[in-house]
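Welcome! Take a moment to look over the sequence and the 3D structure, and then we will walk through them together.

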Amino acid sequence: MFILSKIYNGMLILWLFWFLYPEKPSRPVGPLKIDDITEDQVKLSWKPPESDGGSKITSYIVEKCEARNPRWLRVARLPPGSLSVDCYNLIEGVDYFFSVAAENEAGVSSPLETEKPVTPKSKFGKGKLNSKSALSEST
């Protein structure tokens with residue numbers, strides 16, 4: 001707060017100025033939706049935060065961690081209009097947690113995280129068919 005005072009015609013006049021500083025945004029709105037699970041990728045989607053903290057969202061930060069190793073690794077930093085991402089280079093059968101945080105000029109929000117681990121897996125199950133084995137079974 002800033003106060004400015006002046007005496008005018010024998011009267012004291014005060015002006016009060018409030019400066020509003022931006023805050024970190026609230027976390028993105030969940031749940032963190034998981035779609036298109038394959039053996040090495042998943043698609044994540046979310047909704048924007050309810051509050052931008054008084055400053056425009058500048059990016060979304062997406063991270064992953066293996067359930068057995070709680071070290072978060074960055075997957076992507078996305079522009080503010082992006083509300084989904086494809087996460088590649090996952091290992092089939094390994095459990096992962098994912099998180100998304102919103103960022104503005106004041107800082108990074110708390111993350112929206114998956115509640116349960118996500119396990120990439122083939123749509124065909126273990127032992128995918130290849131063209132060679134398919135041919136040998138049909139002859």
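## Strands, core and pocket

β3 and β4 form a hairpin with six residues between them, and in that turn aspartate 36 has a positive phi of about 50°. Helices (H or I, at least four residues) and strands (E, at least two) are DSSP runs, numbered from the N terminus.

Before going on, a word on the source: this is a predicted model, in which local features need pLDDT of at least 70, side-chain atom pairs count only at pLDDT 80 or more, and totals for chains, interfaces and linings use all residues. Residues are numbered from 1 along each chain as its sequence is written, and side-chain values use heavy atoms, with hydrogens and water left out.

Two strands pair if DSSP finds at least two bridges between them.

| Strand pair | Bridges | Direction |
|---|---|---|
| β3 (residues 29-35) and β4 | four bridges | antiparallel |
| β4 and β7 | four bridges | antiparallel |

Toward β7, lysine 43 has aspartate 86 as its bridge partner.

The largest nonpolar core has 19 residues, and Leu44, Trp46, Val62, Val85 and Phe98 have the most contacts inside it. Two or more residues each come from β4 (42-47), β5 (59-66), β6 (69-78), β7 (84-87) and β8 (96-104); β8 gives the most, with four residues. Such a core is a set of buried Ala, Val, Leu, Ile, Met, Phe, Trp, Tyr and Cys residues joined through side-chain atoms within 4.5 Å. Buried means under 20% relative accessible area, exposed over 50%, and partly exposed in between (1.4 Å probe, protein chains only).

What is valine 62 in contact with, leaving aside its neighbours within four places in sequence? Its partners include Leu44, Trp46, Val85 and Cys87, where contact means heavy atoms within 4.5 Å.

Cysteine 87 counts as buried because its relative accessibility is 1%, and cysteine 65 counts as buried at 5%. The structure holds zero disulfides (pairs of cysteine sulfur atoms within 2.5 Å).

Finally, the largest pocket is lined by residues including Arg27, Gly30, Leu112 and Pro117. β3 and β10 (112-113) each supply at least two residues of this lining, and the largest share, three residues, comes from β3. A pocket, on a 1 Å grid over the protein atoms alone, is an open set of points where a 1.4 Å probe fits, with protein on both sides within 12 Å along at least five of seven lines; lining residues have an atom within 4 Å of a point.
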